[in-house]
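Visitor: Please take me through one part of this model in close detail. Then show me how that part sits in the whole.

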Amino acid sequence: MKLAIVVGHNARAQGAVRPDTGETEFRWNSHLAQLIEEEARLFPRITVETFFRTPAGTYRAEIERVYRATDDWGADATCELHFNSHTSRAATGTEVLSSGSEASLRFSIALQDRMLAALKLKDRGVKVRRSGRGSESLISGRAPAVLIEPFFGSSPKGQQATDEAHEKRALARAALLAAQDAFL
Ligand SMILES: [Zn+2]
């Protein structure tokens, strides 16, 4: 299967910042995408390609352009990478946003299970998002789409669960295990 990884945000507007390392969503997730590509060597039936969003005038145009690229590549599924943030440091946990289609839900549930096992943070569940924040990413491409928020960058718990190299690699592997669970 062909798994398209879409890095959330873009180089110009990089999203939330995790205060422990100063890394933005864009930077942290660009590296996570690289780890997913590396770990994919252990999954010979999964081909991974990373796609970056680039400013396109409007938000909608930016999202449509990157998902058109995943369609053109022939993606069987897409996974957009983010991390959460909140003004309260107490907000914590793992969640996945799904379009609500059968295949998106299957992938979302597998991702949620695998990410919970990897990071051991609070289970915030799979959320079907048909409008509002993140929804455009879930409905713009042809392939089943999901958007992951593995942790809160603003939370000490989220930071501690993801600040070591082996933890980040386990998260990368979780994405591939979930694709295998859902589609192979
Ligand atoms: Zn984000």
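**A helix between two strands**

Guide: In helix α3, the buried residues are Ser-104, Phe-107, Ser-108, Ala-110, Leu-111, Gln-112, Arg-114, Met-115, Ala-118 and Leu-119. Buried means that 20 or more other C-beta atoms lie within 10 Å of the residue's own, with C-beta atoms placed from the backbone. An α-helix has 3.6 residues a turn, so residues three or four places apart point the same way.

This is a predicted model: local features need pLDDT of at least 70, side-chain atom pairs need 80 or more, and totals for chains, interfaces and linings use all residues. Numbering starts from 1 along each chain as its sequence is written. Helices are DSSP runs of H or I with at least four residues; strands are E runs of at least two, and both are numbered from the N terminus.

Now the length. α3 has 18 residues, which should span 26 Å at 1.5 Å a residue, and its end C-alpha atoms are 26 Å apart, which agrees. The expected span is 1.5 Å times one less than the number of residues. Just after α3, Lys-120 takes a positive phi of about 60°.

Next, the neighbours. β4, α3 (residues 102-119) and β5 form a right-handed β-α-β unit. Right-handed means the path from first strand over helix to second runs clockwise, with the strands pointing away from the viewer. β4 (residues 94-98) and β5 (residues 123-128) run parallel, joined by five bridges. Pairing takes at least two DSSP bridges. Glu-95 has Gly-125 in β5 as its bridge partner.

Finally, the whole. The protein chain has six helices and six strands. Their order along the sequence is β-α-β-α-β-β-α-β-α-β-α-α. Buried residues make up 46% of the 184 residues. The C-alpha trace spans about 40 × 40 × 30 Å along its principal axes.

Conventions
A residue is buried if 20 or more other C-beta atoms lie within 10 Å of its own, exposed if 12 or fewer, and partly exposed in between; C-beta atoms are placed from the backbone.
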